[in-house]
Amino acid sequence: MLVGDDIGESTEGTKVEVTVGDIDLDQPRAVLSQLNVWLNDEGQGVERGVQLRKRKRIIPMWKIVEASEVVKKNLPKTTGLRTLDPMKAIPHDDMVKLLKLCSEWRHNPNLVMQFGNVEAEIEFFASLVKADGWLKGDHIDLGLYLIRKRQQQLEEVEISDWTTTDVFFMNHIHTCFADNKRKKEQVGWKIRTSLVNVVNGKVPACGLDWQNTYKVYVPCMLQKYKHWVALEIDLIQCEIKVYDSMVSLIPDQSLKEELGPLSITIPNLLHTLDFYEEGVYANECTRDWWCPWPIHRVDVPQQANQGDCGMFVLKYIELLSAEISLATCTSQNMPFFRLKLAAEIARGDAYMP
């Protein structure tokens, strides 16, 4: 719990029911506290073995749209991602919507709501709003989709030089590496269509063709350590930067070994696709094309607990892509960022600058 209990005992010893109108919407921690009561405290009955009724039908909340379907925002030319305020207050209407949505789950834990491609049950929002709660791939993919969608909405006022992948990209990389690692020669790598579609910007939704970008941000789960990090594939310098919120967890050599398939696969992938020969720009790499791309960590703010790495990854990518300082990426601010992401997922849009 982030603050004191929001459901107290009356003089008769019965619980006093809290409604949305009882919550101070100007206090994000109070909102988070009540969400935790509804989703994590009251909802623990499910974990204690309460028999649930048969699963209900899925309730669609919003759908994934492709870049061609995105409605451009009519905003001033001075509006761009650089003017984004990470700590801007969440609108009251959005918090009310989120509270009502989670209140529904409290009364019926069997509800399944579909946000984009994610079928969310009560545990989805429970882990998102819980302090130190673990973010899964679905949380991160939805967060990144909303960031890319906002990028497309701002296209009229801002030209972007970045894109992101989804969580599954690293699975494509490991599959490609496994398909080709036994080759005696570097030429002639077998590249699956699923990976080509990522480079061409066909997936994930609202992504960009890599030919139109300089940087590609990648969410990466380091499987050995069960730890999320953000990667930046620099297509100009031909290197991979690692934004790690807990550098004390993984030695540098272990990190490079785990990311080795990526550093080897990326140059072979781009060479096989004639990426630089056909592109509008050339890289600044002086190494031979088949050489693995170097990997190095970047000095970034660190987390102070065990469960915030996924939230740090989302904020690193959001702020780096907007060319905004990472100074707000602190453990102290993560509860607010969790609430903000929950509100954005509920509304189906990231907040505009």
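A residue counts as buried when its relative accessible area is under 20%. Keep that cut-off in mind as you look through these close-ups of a predicted model.

**View 1. K315, a buried residue of helix 11.** Start with helix 11, which covers residues 309–321 and holds K315. Is K315 buried or exposed? Its relative accessible area is 6%, so K315 is buried. Look around K315 for the residues that it touches: C329, M334 and F337, leaving out those up to four places away in sequence.

**View 2. Helix 5 beside helix 11.** Two packed helices are described by the angle between their axes and the distance between the axes. Here, helix 5 (residues 137–153) packs with helix 11 at an angle of about 15 degrees, and the axes are 10 Å apart. Angles under 35 degrees count as roughly parallel, so helix 5 is roughly parallel to helix 11. Their crossing is right-handed. On the helix 5 side, the contact is made by H139, I140, G143, L144, I147 and R150, and helix 11 brings G310, L314, I317 and E318. Sorted by kind, the residues of this contact are five nonpolar, three polar and two charged.

**View 3. F125 in the largest nonpolar core.** This core has 75 residues, and F125 is listed with W105, F115, Y316 and I345 as having the most contacts inside it. Which residues does F125 contact, beyond its neighbours within four places in sequence? They are L39, L98, L101, C102, W105, F115, A342 and I345.

**View 4. A second, separate core.** This one has 34 residues, among them V216, L231, I233 and L269.

Conventions:
Residues numbered from 1 in each chain as written. Predicted model: local features only at pLDDT ≥ 70, side-chain atom pairs only at ≥ 80, totals over all residues. Heavy atoms only, no water. Helix = DSSP H or I, 4+ residues; strand = E, 2+ residues; numbered from the N terminus. Buried < 20%, exposed > 50% of the residue type's maximum accessible area, 1.4 Å probe, protein only. Contact = heavy atoms within 4.5 Å. Core = buried A, V, L, I, M, F, W, Y, C linked by side-chain atoms within 4.5 Å. Axes fitted to C-alpha atoms, helices over the stretch in contact; angles between N-to-C directions. Parallel < 35°, antiparallel > 145°, perpendicular 65-115°, else oblique. Left-handed = near helix turned anticlockwise from the far one by under 90°. Nonpolar A, V, L, I, M, F, W, Y, C, P; charged D, E, K, R; others polar.
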